[in-house]
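Biologist: I have some questions about this one. Can you put it on the screen?

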Amino acid sequence: MLPVSGTLTTPGKNSPRADAVLTAPEAGVPVMFVEVDNGTESPLALAQKAHRYREFFRRTVKPPSPSPNPHAQTGNSVPMWETLYGPLGREGYPPLAIVFTRQVGPAAMNNRINNVMCLAEEYWAGQHCELATSYGSDERDGYTDYTDAVPILVTTLDRLREHGPLGPVWFRFGHPTWQTLTDALDNPDDKQAFTRRQRRRDQLRKQQREQEEHRRERDRQEDLERWAAQEAADEAAREPDPVCQECHGPLESNPFEADPREEEAPPADGVHCAGCRIQLAEPTGRFGRAFRRLVNGDERYPRR
């Protein structure tokens, strides 16, 4: 007996009694509880057995010693079944296998399996959790939490005889087809699978961000190159600024800085700057040179 209450020797009411308890460590199954159905019980009675097994799996006791199971409950208690059979090494409860032994036709067997599956759904289905794939995103994804779910596997005596227990003879409620024991016990939609998908999504988004940054940088460089090429073309096509024929400096003053000499210089002649126009307008000859020495202090002319 598997006591949902009481003790092992005096179990409480409604405690399940397994027809067999099997272990297959080589198949990744430390323990599996087996119910043999010869067709005398109703589908509802079989579904209620799943309920009683879950009540037993939920029962906790004080640990006799520190539990080696990383998935064990924290605190001052551990699952009672774990103290009896050892840890699974994975999250969740041990599997419950139902072996149908009555010889019936394929349609009748499928109906019986489907009826048991529907009636026991709340015990094996787990809790679905839905999440956004990223902050602020409308894209949704999720996983099934099997922490409080009993994995229920069914098979028939004929299948076991034909393929053996390690062949594709197991149909787990919630899975789409017959599988090997290892595949049937796998949870392809659990949180670990969601985490793997989320990691791939994060990597894809990172790659997309890097590609977008690379594209923007490439566009920026192309814009700079086009701007520089256009500047060079404009510079090459631009006519040179006119120069003074006398001093070869700029013919016109800077438009942003007024040249005070423009006010004293003769009118622009198109060939001389303001400074040269002033010099060219100064008197020449001996009298002019003498006058220039007196006015400007020009010492280039020696006195006679």
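Biologist: Start with helix α3: what span should its 14 residues have, and how far apart are its end C-alpha atoms?

Modeller: Residues 106-119 should span 20 Å at 1.5 Å a residue, and the end C-alpha atoms of α3 are 20 Å apart, which agrees. The expected span is 1.5 Å times one less than the number of residues. Helices here are DSSP runs of H or I with at least four residues, strands are runs of E with at least two, and both are numbered from the N terminus.

Biologist: What kind of model is it, and how are residues numbered?

Modeller: It is a predicted model, in which local features need pLDDT of at least 70 and side-chain atom pairs count only at pLDDT 80 or more, while totals for chains, interfaces and linings use all residues. Residues are numbered from 1 along each chain as its sequence is written, and side-chain values use heavy atoms, with hydrogens and water left out.

Biologist: Back to α3. Which residues are buried?

Modeller: Met109, Arg112, Ile113, Val116 and Met117 of α3 are buried. Buried means under 20% relative accessible area, exposed over 50%, and partly exposed in between, with a 1.4 Å probe and protein chains only.

Biologist: Where do they fall, seen down the axis of α3?

Modeller: Within an arc of 130°, so the buried residues line one face of α3. The arc is taken from the directions from the helix axis to the C-beta atoms. Ala107 and Cys118 are exposed, on the face of α3 turned away from the buried side.

Biologist: What covers the buried residues of α3?

Modeller: The cover includes the strands β2 (29-37), β5 (96-100), β8 (152-156) and β9 (171-172), along with the helices α1 (43-58) and α4 (121-124).

Biologist: And Phe173, what is it in contact with?

Modeller: Leaving aside neighbours within four places in sequence, Phe173 is in contact with Ile113, Val116, Met117, Trp124, Ile152 and Val154. Contact means heavy atoms within 4.5 Å. Phe173 sits in the loop between β9 and α6, and at 3% relative accessibility it counts as buried.

Biologist: Change of topic. How much space lies in the largest pocket?

Modeller: About 420 Å³. Of its 19 lining residues, the closest to the centre are Arg90, Glu91, Asn187, Asp190 and Gln192. β7 (140-145), α6 (181-185) and α7 (191-237) each supply at least two lining residues, and the largest share, three residues, comes from β7.

Biologist: What counts as a pocket or a cavity in your rule?

Modeller: On a 1 Å grid over the protein atoms alone, a cavity is a set of points where a 1.4 Å probe fits but cannot get out. A pocket is an open set with protein on both sides within 12 Å along at least five of seven lines, and lining residues have an atom within 4 Å of a point. Grid points are joined across faces, edges and corners, and a volume is the space filled by probe spheres set on the points.

Biologist: How many cavities of 30 Å³ or more come out?

Modeller: One. The largest cavity holds about 50 Å³ of space, and its lining includes Arg90, Glu91, Tyr146, Leu185 and Asn187.

Biologist: What about α7, which of its residues are buried?

Modeller: Ala193, Phe194, Gln198 and Arg201 are buried in α7, and the buried residues of this helix pack against β6 (127-132) and β7.

Biologist: Last one. Where is His248?

Modeller: In the loop between α7 and α8. His248 is exposed, with a relative accessible area of 61%, and has a positive phi of about 65° although it is not a glycine.
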